[in-house]
Amino acid sequence: MKVLIITKHYLDQKLGGPNCSKAFVKAISAIYNDCTLIYPEHNDHKTDMSFLINKNIKLVPCYDSRSKFRKLTDVYLGRIHRFGGFVEDFLSNNVFDIVFIDHSFTASSGVLDAVVKAKSMIVTLHHNVEKDYIKDNQQNILFRYPYNHYALKAEHEAILKSDLNLTLTYSDNDNFTCKYKDKAGTFEVMGMFEYENRDNVVLPQMSVPQDNVFVISGALNARQTESAVMSFINNYLPVLDKVCPQNKVIITGRNPSSGIVAACVKHGNVTIVPNPDDILSVINEGKYYICPLHTGSGLKLRIMDGLRLGIPVLAHDVSCRGYEAIVKDGFMFGYSDVRSFEKGVRELMSASLSREQVLESFTSHFSYKAGECKLASILKKHRLLY
């Protein structure tokens, strides 16, 4: 089969969304022999595509030469990204059996209409439930209303017009199938997986950490993360101090907000490591990993940084979504309030878990190879792969 992949993410960024997209693109290009990828390209440098296995994949970069003013006016006209006209022109000269749309947002701005017109089969990967993402990640007030409107519209139309809708978590899958009962048969949980082959991943040597060191990581200037970290410091840190008086908490990530910094300096056992050159080396210092994110949908990819280092996890129930297999294996513990947090800390600390055991569980469920095999199985089930 001849397939086209369209992604909105810059594939050289080491962030949650782009890392998910890299895994998706890499798996598709390994499963199908004849692949073409349309992707956003930087105006000042080329994207590093060395993560791809299939070197025969045809790369079609899409540049964005619009001015800031043009981008603003485009949003009000329903063009919330650069790809609409570009994809329409490309499909007028090229024919594909299947078009994979990475993220429902990508389906906006005329992209989905062009794919439908081309009469290709359509597979959409939904990174999250858009209404939940929008609620926790508000855009600039200048274009918030049209942006939100067209993003929600794109998700709705992508679900209705796709032959297969993929989600990262069972929670998102349940949300969609409940709302779109007539399309329930098109939904499958793909899950998330690493984009690098484990044999090629260079990680810090698993250390023997000091006892009672807890690590939190993330984009510390993001609204969702800031809210979660502040809630942890104000509501949950006192509980941790009670259960484990000699604890040390390391909070690391990009551009910590002034609010987080001000809150942390009040606690002698809390250390902030801003903008680390190698965040895995910082996380590696911890004996336990905490993910306090309590809002949003999709899969919290930062947790994978702890698990791939063999560190057991305590996470809010919202952040446990997508990691049910790790919870079942006994290497991840959930909480929903102060009382269950205390219970989770005690269970986490009393469990005799080696890093090798945690890593083995993570690899069996989230390795690139495991993800590729699961995606191929789903595609065969829906007769999109023979």
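The dialogue below takes up each kind of feature in turn.

Q: What should I know about the model and its numbering before reading any value?

A: This is a predicted model, in which local features need pLDDT of at least 70 and side-chain atom pairs count only at pLDDT 80 or more, while totals for chains, interfaces and linings use all residues. Residues are numbered from 1 along each chain as its sequence is written, and side-chain values use heavy atoms, with hydrogens and water left out.

Q: How many salt bridges are there, and by what rule?

A: Side chains of opposite charge can pair when their charged atoms come close. Here a salt bridge is a side-chain nitrogen of Lys or Arg within 4 Å of a carboxyl oxygen of Asp or Glu, and the count by this rule comes to 16.

Q: Which residues form a network of salt bridges?

A: Salt bridges link Asp64, Arg66, Arg70, Asp74, Arg79 and Arg82 in a network. Within it, aspartate 74 pairs with arginine 66, with 3.1 Å between the closest N and O atoms. Aspartate 74 is buried, at a relative accessible area of 3%, where buried means under 20% relative accessible area, exposed over 50%, and partly exposed in between (1.4 Å probe, protein chains only).

Q: Which parts of the chain does the salt bridge of arginine 308 and glutamate 194 link?

A: In this salt bridge the closest N and O atoms of arginine 308 and glutamate 194 are 3.0 Å apart. The pair links distant parts of the chain, 114 residues apart: arginine 308 is in the loop between helix 11 (302–307) and strand 12 (313–316), and glutamate 194 is in the loop between strand 7 (187–189) and strand 8 (213–219). Helices (H or I, at least four residues) and strands (E, at least two) are DSSP runs, numbered from the N terminus. Arginine 308 is buried with a relative accessible area of 14%, and glutamate 194 is buried with 4%.

Q: Is lysine 242 buried or exposed, and which residue does it pair with?

A: Lysine 242 counts as exposed, at 53% relative accessibility. Lysine 242 forms a salt bridge with glutamate 342, the closest N and O atoms lying 3.1 Å apart. Because lysine 242 lies in helix 8 (residues 223–243) and glutamate 342 in helix 14 (residues 338–350), the pair ties together parts that are 100 residues apart in sequence.

Q: In what order do the strands of the open sheet lie?

A: Strands of a sheet pair through backbone hydrogen bonds, either parallel or antiparallel. In this open sheet, 6 strands lie in the order 10-9-8-11-12-13 with parallel pairing, two strands being paired if DSSP finds at least two bridges between them. Strand 10 (270–274) and strand 13 (332–335) stand at the edges with a single partner strand each, so one side of each is left without a neighbour in the sheet. From one strand to the next, the twist averages 25 degrees.

Q: Which helix packs on the sheet and touches strand 9?

A: Helix 8 packs on the sheet, touching strand 8, strand 9 (248–254), strand 10, strand 11 and strand 13, and its direction makes about 180 degrees with that of strand 9. Contact means heavy atoms within 4.5 Å; axes are lines fitted to C-alpha atoms, for helices over the stretch in contact, and angles run from 0 to 180 degrees between N-to-C directions. Helix 14 also packs on the sheet, touching strand 8, strand 11, strand 12 and strand 13, at about 165 degrees to the direction of strand 13.

Q: Where do the buried residues of helix 15 fall when seen down its axis?

A: An α-helix has 3.6 residues a turn, so residues three or four places apart point the same way. In helix 15, Arg355, Val358, Leu359, Ser361, Phe362 and Phe366 are buried. These buried residues fall within an arc of 160 degrees, so they line one face of the helix; the arc is that of the directions from the helix axis to the C-beta atoms. The face turned away from the buried side of helix 15 carries the exposed residues Glu356 and Glu360. Helix 11, helix 13 (324–329) and helix 16 (368–381) are among what covers the buried residues of helix 15.

Q: What phi does lysine 119 have?

A: Most residues other than glycine have a negative phi, and most peptide bonds are trans. Lysine 119 has a positive phi of about 65 degrees although it is not a glycine, and its place is in the loop between helix 4 (111–117) and strand 5 (121–126). Lysine 119 is exposed, with a relative accessible area of 76%.
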